[in-house]
Every structure is written in structure tokens, then in C-alpha cells.
Amino acid sequence: MFRVIISGRFGDLGESGRASVLAASGLAFSEQGAFTHDGTLSAFTFRCQVPAQPDDGEQDATRRALAALDAYGQPYDVLRVAVTDMRTIKVRRRPRP
């Protein structure tokens with residue numbers, strides 16, 4: 001599983017575009033993606049969770065996250081992309097007393 005965070009700027013959003021972005025707002029990672037944004041809906045962060053195949057890398061995850069962002073059909077410019085491969089995260093548990 002990959003978690004991808006895309007930071008960007010929206011282009012000109014019409015009323016339907018604004019409604020679409022507001023409906024997809026949230027903090028959770030999901031396969032459809034969720035937006036957080038500033039009050040004017042000009043800057044945004046898009047959080048997307050991408051299933052990983054054994055040989056997938058960060059570029060594959062980025063491509064799929066951008067496809068999820070494109071599915072909203074709104075104009076945007078990407079400023080930054082951050083990808084975390086959840087398969088490499090190690091959980092350190094404290095020893096029990």
C-alpha cells in the first residue's frame with residue numbers, strides 16, 4: 001500500500017468544480033482521494049491511498065494517484081508529490097513489563 005500526498009493549485013473552478021471539491025473534502029486517505037484546501041479553494045492537498053503490487057514503485061503509485069486526481073476533472077498544477085511505501089514501515093512495539 002502506498003500513501004500519496006499531492007500539493008497543488010487549482011485553476012479556474014466553476015460552481016460545479018467548487019461543489020465537487022467540497023464534496024470530496026476530508027482528512028482520511030482513500031483510493032478515491034480526499035482534498036484539504038484553503039478557504040478560497042486555490043491551493044489544495046490531495047491524499048490518496050494506492051494498492052501496491054509486489055513490483056510497484058513510487059512512480060507507479062504517483063501515476064495512479066494523479067489518475068485519481070484527474071478523475072475529479074478539475075484544472076490543477078502540481079507543486080509537490082510525496083509518496084510513502086507502507087510496506088516498508090516498521091512498527092516498533094514497546095516490550096511489556
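The model is predicted. The chain has two helices and four strands, in the order β-α-β-β-α-β from the N terminus. Of its 97 residues, 31% are buried.

**Overall build**
- The C-alpha trace spans about 55 × 35 × 20 Å along its principal axes.
- Among contacts with a separation of 6 or more, 62% join residues 24 or more positions apart.

**Phe-35 and its surroundings**
- Phe-35 sits in strand S2, residues 34-37.
- Its relative accessible area is 1%; Phe-35 is therefore buried, since the cut-off is under 20%.
- Leaving aside residues up to four places away in sequence, Phe-35 touches several aromatic residues, including Phe-10, Phe-44, Phe-46 and Tyr-72.
- Val-21, Ala-24 and Leu-69 are also among the residues that Phe-35 touches.
- Arg-80 is 45 residues from Phe-35 along the chain, and their C-alpha atoms are 14 Å apart.

**Salt bridges**
- The whole structure holds four salt bridges. Three of them are described here, including one between Asp-77 and Arg-9.
- Asp-77 and Arg-9 pair with an N to O distance of 3.7 Å. Asp-77 belongs to strand S4 and Arg-9 to strand S1 (residues 2-10), so this bridge ties together parts 68 residues apart in sequence.
- Both partners are partly exposed: Asp-77 has 40% relative accessibility, and Arg-9 has 42%.
- Arg-63 and Asp-60 meet at 2.6 Å, N to O. Both lie in helix H2 (residues 58-70), three residues apart, or about one turn of the helix.
- Arg-63 counts as exposed at 53% relative accessibility, whereas Asp-60 counts as partly exposed at 21%.
- Arg-87 bridges to Asp-85, with the closest N and O atoms 2.9 Å apart.
- Arg-87 is partly exposed, with a relative accessible area of 36%. Asp-85 counts as buried at 16% relative accessibility.

**Surface and charge**
- The chain exposes about 6,500 Å², and carbon and sulfur atoms supply 50% of that area.
- Met-1, Met-86, Ile-89 and Val-91 make a nonpolar surface patch of about 340 Å².
- Within this patch, Ile-89 comes from the segment after strand S4 (76-85). Ile-89 is partly exposed, with a relative accessible area of 47%.

How values were computed:
Residues numbered from 1 in each chain as written. Predicted model: local features only at pLDDT ≥ 70, side-chain atom pairs only at ≥ 80, totals over all residues. Heavy atoms only, no water. Buried < 20%, exposed > 50% of the residue type's maximum accessible area, 1.4 Å probe, protein only. Contact = heavy atoms within 4.5 Å. Patch = residues over 30% accessible without salt bridge, like charges linked within 9 Å, V, L, I, M, F, W, Y side chains within 5 Å. Areas by Shrake-Rupley, 256 points an atom, 1.4 Å probe, with all protein chains shown as cover. Salt bridge = Lys/Arg side-chain N within 4 Å of Asp/Glu carboxyl O.
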